[in-house]
Amino acid sequence: MAATTTHLPPARYEFGGDEFIFVELDQEMSLEANFKAMAITGALREQGIDGVIDICPSNASYMIRLDPDRVHPAELVDELRGLEITAGDLPDDHTVPTRIVDVPILFDDPWTRETLMRFRDNHQDPTGTDLEYAARINGFRGVPELIDSITGSPFIVTMLGFVPGLPFCYQMVPRERQIEVPKYVRPRTDTPERAFGYGGAFSVVYPVRGAGGYQLFGIAPAPVFDAAQTLPDFADHIAFPKPSDILHYRAIDRAEYDRIRGEVEAGTFRYRTAEVEFSPSAFLADPDGFNRTLLEVL
Amino acid sequence: MSEIIVRSGGLYTTVQDAGRDGQYAIGMPPSGALDQYSYRVANLLVGNPDGAAALEATYIGPELEFTDDRLIAVTGAEAPARVNGEQVAPWETLSVRAGDVLSFEMITSGARPYVAVSGGIAVPEYLGSRSTYTLTGIGGFQGRALRTDDRLPLGSPPVSGPAPGSSVPAGLRLALGGVAELRLVIGLCSYRLTEAALESFVDTEWKVTKDADRVGYRLRGGTIDFIDRDPPFGAGSDPANVVDLGYPIGSVQVPGGNEPIVLLGDAVTGGGYATVGTVISVDRDRIAQARTGDRVSFTPVDVDAAISARRDRGIRLEKVRAAVS
């Protein structure tokens with residue numbers, strides 16, 4: 001992947017009315033753009049500028065919410081342009097302390113299958129399932145190969161948003177091996193809670209039941225959001241995923257799904273996690289080798 | 001403890017305050033009163049501190065029974081209000097006693113009446129705010145809209161407040177009716193539209209559809225063309241698709257090219273549609289009072305005009321404070 005290192009265009013600074021600044025680092029997705037968004041927003045957070053209300057790193061961009069009564073948006077843009085230079089270029093020895101997380105998924109489950117069949121009219125391919133469609137347009141021989149590809153390499157959380165706790169995840173493989181699928185032609189009005197979806201080059205786990213436009217591939221037995229904070233993993237925070245978390249999706253069968261659901265309902269479930277130092281440059285130099293080492297930690 | 005007995009919740013009445021700040025990065029929108037001006041004036045009229053929680057109704061107001069002496073005020077949409085069946089004035093400090101019942105007639109203009117009560121609605125704070133966010137069922141009264149027989153806790157009334165009968169001068173009330181002119185800062189991903197499309201977006205009088213709630217308003221009335229391009233990697237293949245990004249509150253997206261959606265306080269915080277501009281914070285008050293079938297139009301302004309409009313609103317609020325205290 002080193003040979004295909006992405007050179008990012010100049011960042012684009014835009015005002016979202018008087019309360020927001022949107023900064024697009026690239027129109028297309030790459031890990032480089034995401035790492036840059038993480039670095040700049042991390043440096044901004046450390047500055048503790050008065051009037052900055054929210055700092056939201058996104059996939060290939062970031063967004064700031066501010067109180068214009070305390071800081072003028074144009075002044076903040078000047079500050080961000082400065083950070084683009086000082087914090088945007090990562091040194092080779094830059095590492096991110098993060099964690100790798102085992103995320104069980106029941107693929108082709110009865111609940112998302114029922115939902116996607118109900119919304120066939122909203123889909124590019126009304127005759128099949130979302131899995132069959134995604135396997136075909138990505139050149140896989142069938143659904144099992146698609147699932148192997150998803151579970152074979154981990155994903156990094158590149159953005160939280162849409163609704164509370166929803167992680168956008170990007171697979172840590174070179175671009176030619178990325179799975180890419182369109183969003184539904186018309187978004188669904190219903191999606192089961194904890195559905196595992198895929199749209200563009202991103203996978204998500206839906207935190208709550210509601211609307212959604214991503215292709216539906218399966219369901220997670222464990223939640224990513226717990227407003228009541230009943231599970232131990234949510235004691236400190238209502239959302240489990242954090243930006244830069246590395247998620248390893250693991251295909252499970254119905255028996256394991258039911259067992260984990262039981263643990264969740266009993267309040268005993270905990271995600272299997274391990275602390276890791278993530279080195280973007282080491283990863284970009286040898287993605288597969290790096291991923292192998294990463295997954296051995298779990 | 002003192003409380004309000006909800007005899008009827010109306011169509012969709014929620015507890016709201018100035019909003020829940022600082023949670024956007026995990027995907028939680030600020031919520032809060034959609035029409036912040038009317039909400040703040042209501043608090044001023046009953047002597048509440050800034051940020052006290054009040055009630056926001058939609059279309060059909062609630063019926064509320066009071067259990068002790070309080071000051072109350074009704075602002076926002078025009079919905080003739082009655083206490084024990086007697087018509088009472090909006091935008092005015094009213095005094096109620098135990099057993100008094102506040103009720104509403106059909107709305108005549110606007111969409112959302114606000115009801116403030118001295119002492120404020122004292123539901124527990126959740127992440128620093130009492131605002132209701134029904135999508136995930138958090139904040140407010142049990143995370144949901146009010147229902148018959150709910151009992152809303154009230155805080156201790158302030159030691160002094162405006163005298164009953166204190167009234168907001170007509171020029172300081174929110175102007176309702178007609179086409180809602182929304183000032184908009186163009187940008188974000190507006191490069192996705194042709195120049196003609198941007199012009200037609202601004203020239204069109206848009207109609208509010210029935211899909212208009214606290215999450216956002218879907219509009220209809222014209223079509224908007226995107227510039228042809230090969231979709232960038234990761235975006236998805238629709239012309240309106242971009243690599244998923246953050247959505248500002250007030251931002252306008254045009255999925256499919258024919259249905260602009262303006263995001264409001266309970267908005268989704270990000271997604272994969274191109275956003276082409278952002279309604280300035282002051283004019284979110286105005287769209288919050290537009291209802292299905294009403295017309296809205298967009299007027300481009302720059303960020304300095306947005307900030308100066310915000311200052312003007314601050315000055316108006318200070319004038320209200322001076323007029324009622």
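Predicted model: local features only at pLDDT ≥ 70, side-chain atom pairs only at ≥ 80, totals over all residues.
## Aromatic pairs

Rings of Phe, Tyr and Trp (its six-membered ring) pair if their centres lie within 6.5 Å, and planes under 30 degrees apart count as stacked; the count comes to 21 aromatic pairs over all chains. One of them joins A:F240 and A:Y271, which are stacked at 4.2 Å centre to centre with 20° between the planes. A:F240 lies in the loop between strand 10 (215-219) and strand 11 (246-251) of chain A, and A:Y271 in the loop between helix 6 (254-266) and strand 12 (272-278), 31 residues apart; helices (H or I, at least four residues) and strands (E, at least two) are DSSP runs numbered from the N terminus. Both A:F240 and A:Y271 are buried.

B:F201 and B:F298 are also stacked, 4.7 Å centre to centre and with 20° between the planes. Because B:F201 lies in helix 2 (residues 195-203) of chain B and B:F298 in strand 20 (residues 295-300) of chain B, the pair ties together parts 97 residues apart in sequence.

## Charges over rings

A charge sits over a ring if NZ of Lys or CZ of Arg is within 6 Å of the ring centre and within 35 degrees of the ring normal. A:R99 lies over the face of A:F240, 4.3 Å from the ring centre, and the charged end of A:R188 sits over the ring of A:Y184, at 4.6 Å from its centre.

## Basis of the values

Residues are numbered from 1 along each chain as its sequence is written, while chains are lettered from A and ligands numbered from 1 in the order in which they are written.

Note on methods. Heavy atoms only, no water. Phe/Tyr/Trp six-rings, centres within 6.5 Å; stacked < 30°, edge-to-face > 60°. Buried < 20%, exposed > 50% of the residue type's maximum accessible area, 1.4 Å probe, protein only.
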